[in-house]
Amino acid sequence: MRILVTGGAGFIGSHYVRTLLADGYPGLRGARVTVVDKLTYAGNRENLPAADPRLDFVHGDVCDLDLLRQLTPGHDAVVHFAAESHVDRSLESAAEFVRTNVGGTQNVLEAALRSGVERVVHVSTDEVYGSIDRGSWTEESPLLPNSPYAASKAGADLIARAYFRTHGLNVSTTRCSNNYGPYQHPEKLIPLFITHLLQGWPVPLYGEGANIREWLHVDDHCRAIQLVLDGGRAGEVYNVGGGDERTNRQITERLLEHLGADWSAVRHVADRKGHDLRYSLDERKIREELGYRPQVPFARGLADTVDWYRDNPAWWKAAERNAANFPPDRAN
Ligand code: NAD
Ligand code: TDX
């Protein structure tokens, strides 16, 4: 088996590749992996093993169709993670989100189709559904994205649907909730707050902190992706939630406790424009069809994540240095 992973040097993609190379997915023991990644500020070659005979790393852009057409032949499957992923950045500069998330996804699907790749999983997000005050979205819920990031991901999902409907490409889409875990870029809520508190800096809580997110450990998310790759149906969408809903205030409270700080370390800053109030996924489909069960309890996952950032300052300090406009001005 040979798997092409786009965006495999980022947070979730690198977790997937490290687990695969450690033979953590029964269906892929011994499989070879090609990673194609542009190494934007969010990607880091060091998130992957330096030298593994089963890993080929290609520094490249998913917007480069010629490159993808050279790479895809000989691969049995493509798992497509590559994206611009940070909502706040999409509010300032949406063009790169449309270029990579929509155009890049179309290229990945086109290259897979032309090379006869048998299976594609497109990794998407709960944010394509918009915001929901009560209840949970099913895979049939309408797409009502609110940020340019979410809209670009929704565009990609519709292109994936079209490649299935028009060309019969064997592609499934996963829509997951907020991931957390090691190697997440320190621009995102949980690692931002951990790394700020480790440095004795105040943490910027948007608005009242009443917004609700559903938290999913990256290891559970990647296990779900693998289940979909193995057994998901062509043209279908699978929600992956995890069920741990928390307000941002509750997350902040937990992190303050872990880092031995109190609410004097919290700065209430201007709210995010168009800030979605709540995301919530109904994940019965992946549970019933594919037997998915999340395995990492939130309390343990969060404690391990705090420990990982405490133990790896060189990693997140390098990530901070590589990112433009980081830390955000209002944090300090
Ligand atoms: P990330 O920002 O950590 O990593 C993205 C990776 O894609 C980086 O390695 C980057 O270098 C690479 N990349 C960006 N543009 C590229 C391009 N044009 N060509 C090739 N590579 C490119 O993101 P992540 O958090 O690991 O997210 C992975 C996927 O999961 C994304 O598609 C994202 O939309 C989706 N997702 C993430 C979350 C979350 O909570 N992090 C939740 C739901 C869905
Ligand atoms: O400094 C902050 N202060 C704050 O209050 C940051 C960075 C965030 N927040 C709030 C905004 C959100 O309500 O915390 C919540 C989580 O924010 P992010 O970590 O930026 O995640 P979110 O916007 O929910 O999007 C994430 O989940 C869905 C990922 O970044 C997306 O890639 C994914 O699709």
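This is a predicted model: local features need pLDDT of at least 70, side-chain atom pairs count only at pLDDT 80 or more; totals for chains, interfaces and linings use all residues.
Trainee: Which polar side-chain atom lies 2.6 Å from an oxygen atom of ligand 1?

Mentor: That atom belongs to Asp37. Gly10 takes part through its backbone, with an N or O atom 2.9 Å from an oxygen atom of the ligand. The protein buries 97% of the 840 Å² that ligand 1 exposes when taken alone.

Trainee: Where does the shell around ligand 1 come from?

Mentor: Helix H1 (11–21), strand E5 (119–125), helix H5 (148–167) and strand E7 each give two or more residues to the shell. E5 provides the largest share, three residues. In total, 29 residues surround the ligand, and Ile12, Asp37, Ser85, Tyr149 and Lys153 are the closest. By type, the shell divides into 12 nonpolar, 13 polar and four charged residues.

Trainee: Why is His185 called buried?

Mentor: Its relative accessible area is 6%. Buried means under 20%, so His185 qualifies. You will find His185 in the loop between strand E7 (178–180) and helix H6 (189–198). Beyond its neighbours within four places in sequence, His185 is in contact with Tyr41, Ala42, Pro191, Trp315, Ala319 and Ala323.

Trainee: And why does Asp23 count as partly exposed?

Mentor: Asp23 has 29% relative accessibility. That value falls between the 20% and 50% limits, so the label is partly exposed. Asp23 sits in the loop between H1 and E2.

Trainee: Which residues have the most contacts inside the largest nonpolar core?

Mentor: Tyr16 and Val17 do, in a core of 34 residues. Among the elements that give two or more residues to this core are H1, strand E2 (32–37) and helix H7 (218–231). A second, separate core of 26 residues includes Leu192, Phe193, Leu259 and Trp315.

Trainee: What is Tyr16 in contact with?

Mentor: Leaving aside neighbours within four places in sequence, its contacts include Val5, Leu28, Phe81, Ile225 and Leu229. In soluble globular proteins, nonpolar side chains tend to be buried together.

Technical notes:
Residues are numbered from 1 along each chain as its sequence is written. Chains are lettered from A and ligands numbered from 1 in the order in which they are written. Side-chain values use heavy atoms; hydrogens and water are left out. Helices (H or I, at least four residues) and strands (E, at least two) are DSSP runs, numbered from the N terminus. Buried means under 20% relative accessible area, exposed over 50%, partly exposed in between (1.4 Å probe, protein chains only). Contact means heavy atoms within 4.5 Å. A residue is near a molecule or strand if one of its heavy atoms lies within 4 Å of it. A polar contact is a pair of N or O atoms within 3.5 Å; within protein, one must be able to donate a hydrogen and the other to accept it, and residues adjacent in sequence count only if both atoms are side-chain atoms. Accessible areas come from the Shrake-Rupley method with a 1.4 Å probe; for residues, only the protein chains shown count as cover. Ala, Val, Leu, Ile, Met, Phe, Trp, Tyr, Cys and Pro count as nonpolar, Asp, Glu, Lys and Arg as charged, and the others, Gly among them, as polar. A nonpolar core is a set of buried Ala, Val, Leu, Ile, Met, Phe, Trp, Tyr and Cys residues joined through side-chain atoms within 4.5 Å.
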